[in-house]
Amino acid sequence: MTGTKGWTAALALAAAAIAGTVFAEAPLPDLDGREVVVAVENAYPPLQYIDAATGMAMGWEYEAMAEISRRLNFTLVYENISWDAMIPAVAEAQFDIGMTGITIREDRAEMVDFSEPYMRSEMVMLVRGDEARFADAAGFAADPDLLLAAQPGTTPFYVGVYELLDGDEANPRVRLFETFGAGVQALRTGDVDLVLTDGTAGVGYVEASDGALKIVGETLGAEDFGFIFPRGSDLVAPVNAAIADMKADGTIEALNRKWFLDTKLGG
């Protein structure tokens, strides 16, 4: 029995040593200061936006990408582009990365490569703070006079058309805006009655609105956000490794806490 116990202990030690070798954290790739051009929209707080007080671009994604560039040793260059042009431009390799709260979807993955998700969010209904005509999706859908703001080709657009309305993408109740921020401004001024957005951005707008905006109803589903790359990009694997590293050491959680709980947005 003593010999068996010794052999078992030796096997356990060997297994532990092998496990330590297999699961030891590999060093992150070093990109040697390589220039990486990132396309941004600056219209999706708190992920990315222009601070009203300073005129500076800032937000969750900017801090996350800065940390990714630090860990992978590459040089960041930002270029501004509209949402509707971003995915085609990245697909054509005009930029190395695109970021603006982009939902990971199969149809988009036919054009670009996605990183692993860096965030999961749920769709919510953003309305004016004094809205009393409806309190849920069914109430909005039932009133033909109520209008929805959306950007064409976005997840909120499709959710609005197919889950709230009749599935007609030309439905006149959907008012199209070039940027998400323009849709929110139309909501504030009463030109539309509802903006669908992921919960993180919605909470950011509500917190900054001093009661002018609120969220009503239940969430309308979850979505995962990822960075986009030209198909076959050699940046996908390093960025994924950095995202995993940031999740493991608590950096992602700290960014979520800062930007969705602690930060008041300007504007």
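Reader: Which conventions apply to the numbering and to the predicted model?
Author: Residues are numbered from 1 along each chain as its sequence is written. The model is predicted, so local features need pLDDT of at least 70, side-chain atom pairs count only at pLDDT 80 or more, totals for chains, interfaces and linings use all residues, and side-chain values use heavy atoms, with hydrogens and water left out.

Reader: How many helices and strands are there in the protein chain?
Author: Helices (H or I, at least four residues) and strands (E, at least two) are DSSP runs, numbered from the N terminus. Counted that way, the protein chain has ten helices and 14 strands.

Reader: What percentage of the 267 residues in the protein chain count as buried?
Author: Buried means under 20% relative accessible area, exposed over 50%, and partly exposed in between, with a 1.4 Å probe and protein chains only. Of the 267 residues, the share that counts as buried is 46%.

Reader: Is E67 buried or exposed?
Author: E67 lies in helix α2, residues 60–72. Its relative accessible area is 18%, so E67 is buried.

Reader: Which side chain makes a polar contact with the side chain of E67?
Author: A polar contact is a pair of N or O atoms within 3.5 Å; within protein, one must be able to donate a hydrogen and the other to accept it, and residues adjacent in sequence count only if both atoms are side-chain atoms. For E67 the distance is 2.7 Å, and the partner is the side chain of R71.

Reader: Which residues is E67 in contact with, leaving aside its neighbours within four places in sequence?
Author: Contact means heavy atoms within 4.5 Å. With those neighbours set aside, E67 is in contact with M246 and T251.

Reader: Are α2 and α9 roughly parallel or roughly perpendicular to each other?
Author: Axes are lines fitted to C-alpha atoms, for helices over the stretch in contact, and angles run from 0 to 180 degrees between N-to-C directions. The axes of α2 and α9 lie 10 Å apart, at an angle of about 110 degrees. Angles under 35 degrees count as roughly parallel, over 145 as roughly antiparallel, 65 to 115 as roughly perpendicular and the rest as oblique. The two helices are therefore roughly perpendicular.

Reader: Which residues of α8 are buried?
Author: This helix is mostly covered, with seven of its ten residues buried. They are G199, T200, A201, G202, G204, Y205 and A208.

Reader: What is the phi of D210?
Author: Most residues other than glycine have a negative phi. D210 sits in the loop between α8 and β12 (213–216), and counts as exposed at 77% relative accessibility. Although D210 is not a glycine, its phi is positive, at about 55 degrees.

Reader: How far apart are the C-alpha atoms of Q185 and A149?
Author: Q185 lies in helix α7 and counts as partly exposed at 45% relative accessibility. Q185 and A149 are 36 residues apart along the chain, and their C-alpha atoms are separated by 9.9 Å.
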